[in-house]
Amino acid sequence: MISIESGDWDHLEKPACAVRTAVFVHEQAVAPEEEWDVMDAQCLHFVARDRTGNAVGTARLLPDGHIGRMAVLKAYRGQGIGDALLLAAIEAGKNAGHRQLALNAQLTALDFYARHGFIAHGEVFDEAGIDHRAMRLSL
């Protein structure tokens, strides 16, 4: 059983940081100075928790309708946690009145986002040493 919690950075910084550090900094070797930015304080954050309350995934929705920093701990992948986080972010985007949501997807995650209706556009680009492609979803 997974629950999704949403809130501001003051409330969810600790669990979101733990997941992002494990996935992006340690697993994917993203430099810490590239992972953390001033936008965190302005975003709506989402944290997925397992039945014991441990944070196992995270995402954020920026004020302009971009979804970012989607991450699920390696041991919890393939269990629908990413789906639940993305659906929560999409719903929050709709509730905020966005007509479109956007994200930069790692190439390995293109199919995941496409299953949720996101359409890739533009060329492949490097972000934090990882190939990405821009995607958008019309609401």
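Q: In this predicted model, which side chain does R49 meet in a salt bridge, and what is the N to O distance?

A: Side chains of opposite charge can pair when their charged atoms come close. In this predicted model, the side chain of R49 meets that of E5 in a salt bridge, with 2.8 Å from N to O. The pair links distant parts of the chain, since R49 belongs to strand β2 and E5 to strand β1 (residues 3-7), 44 residues apart. With a relative accessibility of 23%, E5 counts as partly exposed.

Q: How many salt bridges does the structure hold, and which residues are linked in a network of them?

A: The structure holds eight salt bridges, and a network of such bridges links R20, E35, D37, D40, R60 and R69.

Q: Which parts of the chain does the pair of R20 and E35 tie together?

A: The closest N and O atoms of R20 and E35 are 2.6 Å apart, and the two residues form a salt bridge. Because R20 lies in helix α1 (residues 9-27) and E35 in helix α2, this pair ties together parts that are 15 residues apart in sequence. R20 has a relative accessible area of 1% and is therefore buried, and E35, at 3% relative accessibility, counts as buried too.

Q: Where does D40, which forms a salt bridge with R20, lie, and are D40 and R20 buried or exposed?

A: D40 forms a salt bridge with R20 in which the closest N and O atoms are 2.9 Å apart. D40 sits in the loop between α2 and β2, while R20 is in helix α1, so that distant parts of the chain, 20 residues apart, are linked by this pair. Both D40 and R20 are buried.

Q: Which residues gather in a patch of negative charge on the surface?

A: Such a patch of negative charge on the surface is formed by E33, E34, D126 and D131. One of these residues, E34, has its place in helix α2 (residues 32-35), and its relative accessible area of 45% makes E34 partly exposed.

Q: How many residues has the largest nonpolar core, and which have the most contacts inside it?

A: The largest nonpolar core has 24 residues, and those with the most contacts inside it are I67, M70, L85, L86, Y113 and F118. Two or more residues are given to this core by each of β2 (44-49), β3 (55-61), β4 (66-72), α3 (81-95), β5 (100-106), α4 (110-114) and β7 (130-138). The largest share of the core, six residues, comes from α3.

Terms used. Residues numbered from 1 in each chain as written. Predicted model: local features only at pLDDT ≥ 70, side-chain atom pairs only at ≥ 80, totals over all residues. Heavy atoms only, no water. Patch = residues over 30% accessible without salt bridge, like charges linked within 9 Å, V, L, I, M, F, W, Y side chains within 5 Å. Areas by Shrake-Rupley, 256 points an atom, 1.4 Å probe, with all protein chains shown as cover. Salt bridge = Lys/Arg side-chain N within 4 Å of Asp/Glu carboxyl O. Lys, Arg positive; Asp, Glu negative; His and termini not counted. Charge placed at Lys NZ, Arg CZ, Asp CG, Glu CD. Helix = DSSP H or I, 4+ residues; strand = E, 2+ residues; numbered from the N terminus. Buried < 20%, exposed > 50% of the residue type's maximum accessible area, 1.4 Å probe, protein only. Core = buried A, V, L, I, M, F, W, Y, C linked by side-chain atoms within 4.5 Å.
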